Each structure stands twice: as structure tokens, then as C-alpha cells.
Amino acid sequence: MAEELALLVADVFEAAGALRRAGEALAAAEGQTQARWQLMSAVSEESLPVARAARRLGVARQGVQRIANELVRDGLAEFRENPDHRTSPLLALTASGRRSLVAITVRAEGAHRKMGEGLPDTDLAAVRELLRRLTRQADAWTESAAARTGSGRKETA
């Protein structure tokens, strides 16, 4: 089982790379980057502080802050007052940002249809469920390892 899981991890990383490259191409066709697309998507349903958007995306806050500043500079997003925290403004899409996000999303829907040709919905649903289970188990292992070592670092064994 350990060997099969190691091979699956390698396959997931390879798939993630291929999907990232596809995402970059989709975003670039609309004058954006995948990172900007992801952040616009993360704040599309509700305005979020940069730190919370970073946690949602699983990336460093500093990188998200840089991208947020670019989106604001380009008129695709704006910082709004945060009633819960004076020094942590909320990032919100502007009308222009929403139009950009819709354009990328429409383009992505067509690409996803093409990429998914011949892949039964039942297979895709089963893979998604397996990946969600694996993610939960990996997170639980990481938390347990950090608690055992007391360092917050991942154990390698």
C-alpha cells in the first residue's frame, strides 16, 4: 500500500502541474495569471481579509498581499473597511474584476469539457472522493506528527 500511495502522490503532483499549466493558459487568454484568477475566485462570493484568503488558498499571506495589491492597482479589486478588524481590510472584487473572473470561468468551462472528454462523471466523482479522503488523512497525520514532535514540523517516517 505504501508504494501505491507514493505512486499516487507522484501522479497527483504531475496532474497538478498539468492543470496549473492549463490554468495559466486560460488566465493568460484573459490577460491574467492563474494566481490572480485564484485570488479573484476566492473573494468572489464574500470579501475576505488577505490572511484569510491566503489560508483558503493554502499559500503564503505575503504572496497573496502582493497579488491583492496588483488587483487593486489594476481596478479589479478594492480594499474595504473591515468592521471586525480595523487594520485588516477586506478584499472585494470590483465590477471590472467580476467581468474578468466571469470571462476566465466561461473559458475554463469549455476547456474542462474538452479535458474531460471520455471521463465518466462517476469516475471523476470517485476520484474526487478518494482525494478528499486522502487529504483529510494526510492533514490528520500532519497534525498528529506535529503534536508528537512539538515542533509543528512534519515527521518523515
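**Salt bridges and nonpolar core of the predicted model**

Glu 30 is partly exposed, with a relative accessible area of 27%; partly exposed denotes the range between buried (under 20% relative accessible area) and exposed (over 50%), computed with a 1.4 Å probe on protein chains only. The structure is a predicted model, in which local features require pLDDT of at least 70 and side-chain atom pairs count only at pLDDT 80 or more, whereas totals for chains, interfaces and linings use all residues. Residues are numbered from 1 along each chain as its sequence is written, and side-chain values use heavy atoms, with hydrogens and water left out.

Glu 30 forms a salt bridge with Arg 107, with 2.8 Å between the closest N and O atoms; a salt bridge is defined as a side-chain nitrogen of Lys or Arg within 4 Å of a carboxyl oxygen of Asp or Glu. Glu 30 lies in the loop between α1 and α2 and Arg 107 in helix α5, so the pair ties together parts that are 77 residues apart in sequence. Helices (H or I, at least four residues) and strands (E, at least two) are DSSP runs numbered from the N terminus. Arg 107 is likewise partly exposed, at 38% relative accessibility.

By this criterion, the count comes to 11 salt bridges. Among them is the pair formed by Arg 52 and Glu 46, whose closest N and O atoms are 3.5 Å apart. Arg 52 is partly exposed at 38% relative accessibility, and Glu 46 is partly exposed at 36%. A further salt bridge joins the side chains of Glu 129 and Arg 132 (3.0 Å, N to O). Both residues belong to helix α6 (residues 121-149), where they are 3 residues apart, about one turn of the helix. Their relative accessibilities are 33% for Glu 129 and 35% for Arg 132.

The largest nonpolar core comprises 22 residues, of which Trp 37, Leu 39, Met 40, Val 43 and Leu 71 touch the most other members. Two or more residues each are contributed to this core by α1 (2-28), α2 (34-42), α3 (50-57), α4 (61-73), β3 (90-93) and α5 (95-115). Such a core is a set of buried Ala, Val, Leu, Ile, Met, Phe, Trp, Tyr and Cys residues joined through side-chain atoms within 4.5 Å. When residues up to four places away in sequence are not counted, Leu 71 touches Gln 32, Arg 36, Leu 39, Met 40, Leu 76 and Ala 77, contact being defined by heavy atoms within 4.5 Å.
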